[in-house]
Amino acid sequence: MVSMHRFANPARFLKLARLLTPWLSVTAFGLLAWGLWLAIYQVPADYQQGDTVRIMYVHVPSAWMAMFAYGFIAVASLVSFVWRHPLADVAARAAAPIGALFTALCLFSGSLWGKPMWNTWWQWQDARMTSVFVLMLIYLGYMALWSAIEDRERAARACAILAMVGAVNLPIIKFSVDWFRTLHQPASVMRMDGPTIDPSMLWPLLLMAVAFQLYFFAVLLMRMRAELASRKLEAATMADLTGARVPA
Amino acid sequence: MSGLIPEFGKYAPFIWGALGAGVVSMIALALASWLSMARQERAAEEMRKARRGRDS
């Protein structure tokens, strides 16, 4: 809690963010390039799925990050709602478009993987697909709500409630493959008894997951910096306007 | 050239489509976020300088 409040000061946060943004960006794109090179040239074709298994290197990290980003928004919303941390709603708002991108990418790449493997682009009866689609709708609703309410304090509180309620969808996505009959296979990486994927395919996947994670934080910092600068600008404009109206 | 770009046969459009969409969309969002950040921070800095100049 103490360390969290250390960065409650936007000036202190901005100093750290300016230092970290370029390093995170370069490392994320470097790892992404390395991971893609491995996925395209080095990873062997799967004995059942053939070369389509290469889609996994975008699809699976996107799915993980879609859920991680939403979890991040839900926690930031809780912090904003309960403790009124000045940066929490900035972080939650900044994370939403990144999470939405990962969700869209997960749905798109999943559809492209589903057609050759399951002979279908989409299946509404599949609980995993439908729950991720619901996540996409929640992201879109969350971003629309932020834009719809003009008063920022009210917008932050309304969005925080939506984000916290929407978090119910996360365990449904995670356990949909165990609770319902779906086309998706059960978890094969995050298992109690260890991953079932061959190491030659697993470690490039984990490398891509790290790249996606760093990318998330790099873009998050950029968007938070933009939001803080925009708020500063808005506050200065308001002060000028108020000053002009008040007779000296 | 054919040695450089792997041939994935009939699955090529699916594989390149998924990987390409990932790369292009991630670069696009990062670039848009970077440009937005640079523009807002520059505007805030110019406003700060203008206010300082006016106050002094």
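1. Helix 2 of chain A and helix 1 of chain B are roughly antiparallel to each other, because their axes cross at roughly 170° and angles over 145 degrees count as roughly antiparallel. The two axes come within 12 Å. This is a predicted model, and the points below should be read with that in mind.

2. The contact between these two helices can be listed by residue. From helix 2 of chain A come R18(A), T21(A), F29(A), L32(A), L36(A) and I40(A). They meet W16(B), L19(B), V23(B), M26(B), I27(B), A30(B), W34(B) and E41(B) in helix 1 of chain B. By type, the residues of this contact divide into eleven nonpolar, one polar and two charged.

3. Chain A is built from helices: it has eight of them and zero strands. Read along the sequence, the pattern is α-α-α-α-α-α-α-α. The C-alpha trace of chain A spans about 80 × 40 × 30 Å along its principal axes. Of the 248 residues in chain A, 48% are buried. Taking contacts in chain A between residues at least 6 apart in sequence, 76% join residues at least 24 apart.

4. The largest nonpolar core has 80 residues. Which of its members touch the most others? They are F102(A) and Y215(A). The elements of chain A that give two or more residues to this core are helix 2 (10–42), helix 3 (56–83), helix 4 (88–118), helix 5 (127–148), helix 6 (152–166), helix 7 (169–179) and helix 8 (199–245). Helix 1 (12–55) of chain B does so together with them, so the core draws on both chains. A second, separate core of five residues includes A229(A), L233(A), A236(A) and M47(B).

5. Y215(A) has contacts in both chains. Leaving aside neighbours within four places in sequence, Y215(A) is in contact with A28(A), F29(A), I98(A), L101(A) and F102(A) in chain A. In chain B, Y215(A) is in contact with S25(B), M26(B), L29(B) and A30(B). One of these partners, F102(A), is the other residue named with Y215(A) as touching the most other members of the core. F29(A), M26(B) and A30(B) also take part in the contact of helix 2 of chain A with helix 1 of chain B.

6. W203(A) is in helix 8 of chain A. Is W203(A) buried or partly exposed? Its relative accessible area is 42%, so W203(A) is partly exposed. Leaving aside neighbours within four places in sequence, W203(A) is in contact with W34(A) and L38(A). The C-alpha atoms of W203(A) and G35(A) are separated by 9.3 Å, although the two residues are 168 apart along the chain.

7. E227(A) is also found in helix 8 of chain A. This glutamate counts as buried because its relative accessibility is 15%, and the cut-off for buried is under 20%. Not counting residues up to four places away in sequence, E227(A) touches V90(A), R93(A) and R152(A). The C-alpha atoms of E227(A) and A76(A) are separated by 15 Å, and these residues are 151 apart along the chain.

8. N169(A) is in helix 7 of chain A. At 9% relative accessibility, this asparagine counts as buried. Its contacts, leaving aside neighbours within four places in sequence, are S131(A), V134(A), L135(A) and I138(A).

9. Two loop residues deserve a look at the backbone. Most residues other than glycine have a negative phi. R84(A), in the loop between helix 3 and helix 4 of chain A, has a positive phi of about 55° although it is not a glycine. N119(A) lies in the loop between helix 4 and helix 5 of chain A, and its phi is near 60°, again a positive value in a residue other than glycine. N119(A) counts as exposed, with 60% relative accessibility.

10. How many disulfides are there over all chains? The count comes to zero. Among the cysteines, C106(A) is buried with a relative accessible area of 5%, and C159(A) is buried with a relative accessible area of 0%.

Note on methods. Residues are numbered from 1 along each chain as its sequence is written. Chains are lettered from A and ligands numbered from 1 in the order in which they are written. This is a predicted model: local features need pLDDT of at least 70, side-chain atom pairs count only at pLDDT 80 or more; totals for chains, interfaces and linings use all residues. Side-chain values use heavy atoms; hydrogens and water are left out. A nonpolar core is a set of buried Ala, Val, Leu, Ile, Met, Phe, Trp, Tyr and Cys residues joined through side-chain atoms within 4.5 Å. Buried means under 20% relative accessible area, exposed over 50%, partly exposed in between (1.4 Å probe, protein chains only). Helices (H or I, at least four residues) and strands (E, at least two) are DSSP runs, numbered from the N terminus. Contact means heavy atoms within 4.5 Å. Axes are lines fitted to C-alpha atoms, for helices over the stretch in contact, and angles run from 0 to 180 degrees between N-to-C directions. Angles under 35 degrees count as roughly parallel, over 145 as roughly antiparallel, 65 to 115 as roughly perpendicular and the rest as oblique. Ala, Val, Leu, Ile, Met, Phe, Trp, Tyr, Cys and Pro count as nonpolar, Asp, Glu, Lys and Arg as charged, and the others, Gly among them, as polar. A disulfide is a pair of cysteine sulfur atoms within 2.5 Å.
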